[in-house]
Amino acid sequence: MPIADTSRRLRPAILDKDIDSLHGLGTIPTYSTVRAEATADALQLAHDQMRIRQQAETEKLAIAKAATDAARLAEWEFHNAVLAMKECVRGQFGSDSNEAQAIGFKKKSERKRPKRQAA
């Protein structure tokens, strides 16, 4: 048997066929093997472990998605708060003040005036 590349996920269709094979094994009352990993009990245990770990993965993915959503909302709340602060600073001190420049605005007096384009 060739060495399997366990770094990639198996396609769901392959897993479905494997589960069908496990269920089909239940209809063979005379099945026996000397390979420990191929016994009916070992197969059932492996299937149960797979299901438990898939469920844990699904739960952790849901938690990660919720954390991502919460972080994204917090980023937007912070951004909107900074925009509100910038409007307040500009309103309180003016757009040509040192305070406006301190928070990232360019002073109005330092902007280049647009030049006429020659025809």
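Predicted model: local features only at pLDDT ≥ 70, side-chain atom pairs only at ≥ 80, totals over all residues.
Residues are numbered from 1 along each chain as its sequence is written, and side-chain values use heavy atoms, with hydrogens and water left out. Local features need pLDDT of at least 70 and side-chain atom pairs count only at pLDDT 80 or more, whereas totals for chains, interfaces and linings use all residues.

**Packing of α1 and α2**

Helix α1 spans residues 12-25 and helix α2 residues 40-93; helices are DSSP runs (H or I, at least four residues) numbered from the N terminus. The two pack at an angle of about 145°, their axes being 11 Å apart. Here axes are lines fitted to C-alpha atoms over the stretch in contact, and angles run from 0 to 180 degrees between N-to-C directions. The crossing is left-handed, a term that applies if the near helix is turned anticlockwise from the far one by less than a right angle.

Contact (heavy atoms within 4.5 Å) is made from the α1 side by Leu 15, Ile 19, Leu 22 and Leu 25.

**Individual residues**

His 47 lies in helix α2 and, neighbours within four places in sequence aside, is in contact with Ile 19 and Leu 22. Not counting residues up to four places away in sequence, Lys 107 touches Ser 95, Asp 96, Ser 97, Asn 98 and Gln 101. The C-alpha atoms of Lys 107 and Ser 95 are separated by 6.2 Å, and those of Ser 109 and Ser 95 by 8.9 Å. Accessibility is classed as buried under 20% relative accessible area, exposed over 50% and partly exposed in between (1.4 Å probe, protein chains only).

| Residue | Relative accessible area | Class |
|---|---|---|
| His 47 | 15% | buried |
| Lys 107 | 15% | buried |
| Ser 109 | 54% | exposed |

**Charges over a ring**

The charged end of Lys 86 sits over the ring of Phe 105, 5.6 Å from its centre. The charged end of Arg 90 also sits over the Phe 105 ring, at 3.9 Å from the centre. The criterion is NZ of Lys or CZ of Arg within 6 Å of the ring centre and within 35 degrees of the ring normal.
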